[in-house]
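I opened my notebook to record what I looked up in this structure.

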Amino acid sequence: MSTRDLGGVVVAAALPYRVDDAAPAGLAVDYDAYAEHCRWLVENGCRGVGPNGSLGEYSSLTDEERRRVARTAIEAVGTDGIVVVGVHGPGAHQARYWAEAAAEDGAHGVLCLPPTLYRANRGEVVAHFEAVASAGLPVMVYNNPFDTKVDLTPDLLAEIAQIDNVVAVKEFSGDVRRVLEIRERAPGLAVIGGADDVVLESLLMGATGWFAGFPNVFPAESARLFELATAGKLEEARALYEPLVAAFRWDSRTEFVQAIKLGMDMVGRRGGPCRPPRGPLSDVHREQVRADMGRALAALGVA
């Protein structure tokens, strides 16, 4: 793969905090722990990391923190992997600013939602991505109609794919029928699985990457799943995937950040708390995550 190809397993890296009464919400970003986590993910077979995504709690960070998080990931990964920085913003000027910053800092590509606080129309969506792409880095557009209320349908993606530097789409609609339709309508656009609980189905239909959440918990096994799926080894891939899906479903739920961080805690990684607006899991959800994670870890021989 070239560095303009944003495929493979790229992990939306979760962000660790340390208690600090002077920091926002009493939680300061632990950059050293984050750097170690990014290195660990790549050392365990993932192709790269994605700082400042939703899982990285970008919307809860100050501008200074957000820039430093991206720089920390880029420095930590070095030449051993790729870094695809989240540049989401309310408008094109904010998203372009973050894309230009990512280019200055040495990122390999950017991940970008449509405008995040405004239900943009078709022309506004295209203009948004044109502005981001003008920064010069390869762009992975991100279809998350649940959070943005904007659906990057296959026909709209066909138009967006005509923009120079737009190379991929992170598809999070959950509708695996779209993988083939996107490939038909925009054959030059790489389809990247965005929802962990349909990743095998997406890969079997021709997705060439996985922008992933739960590989924060078990990266080596996730890289193995990707390898089996893309090699067409369906029986082995299903045997690995099926015990994980109950845990993976949390990636598509409102509490996905808290659930993945709890999973990290369960395997001895640094998960910990989230900044507001995300609060702690309810007791019921905590027990459900523990049970789903427990089954996954038992199947992997980790528990």
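I began with a definition: a salt bridge is a side-chain nitrogen of Lys or Arg within 4 Å of a carboxyl oxygen of Asp or Glu. Side chains of opposite charge can pair when their charged atoms come close. I searched the whole structure and got 19 salt bridges.

I noted the ground rules next. This is a predicted model, in which local features need pLDDT of at least 70 and side-chain atom pairs count only at pLDDT 80 or more, while totals for chains, interfaces and linings use all residues. Residues are numbered from 1 along each chain as its sequence is written, and side-chain values use heavy atoms, with hydrogens and water left out.

**Entry: salt bridges**

I looked up E57 and found a salt bridge to K261, with the closest N and O atoms 2.8 Å apart. This pair links distant parts of the chain, 204 residues apart: E57 is in the loop between strand 4 (48-49) and helix 2, and K261 is in helix 12. Helices (H or I, at least four residues) and strands (E, at least two) are DSSP runs, numbered from the N terminus. Are E57 and K261 buried or exposed? Both E57 and K261 are buried. I used these cut-offs: buried is under 20% relative accessible area, exposed is over 50%, and partly exposed is in between (1.4 Å probe, protein chains only).

I then checked E100 and R96, whose side chains meet in a salt bridge at 2.8 Å, N to O. They are separated by about one helical turn because they sit four residues apart in helix 3. E100 has a relative accessible area of 31% and is partly exposed; R96 is partly exposed at 36%.

R238 pairs with E242, again as a salt bridge, with the closest N and O atoms 2.8 Å apart. R238 is partly exposed at 44%, and E242 is partly exposed at 46%. I also found one network, in which salt bridges that share partners join R67, R71, E104 and D105.

**Entry: annotated positions**

Which residues does the UniProt annotation "active site" cover? The unreviewed entry gives Y142 and K170. UniProt positions are in the numbering used here, feature names are shortened, and annotations may be inferred rather than shown by experiment.

I placed Y142 in strand 7 (residues 139-143), and it counts as buried at 5% relative accessibility. Leaving aside neighbours within four places in sequence, Y142 has contacts that include H88, L152 and F172; contact means heavy atoms within 4.5 Å. K170 lies in strand 8 (residues 166-171) and is buried, with a relative accessible area of 7%.

**Entry: the largest pocket**

I took a pocket to be an open set of points on a 1 Å grid over the protein atoms alone where a 1.4 Å probe fits, with protein on both sides within 12 Å along at least five of seven lines; lining residues have an atom within 4 Å of a point. The largest pocket is lined by 39 residues, and S54, Y58, L113, D147 and R278 lie nearest its centre. Y142 and K170 are both in the lining of the largest pocket.
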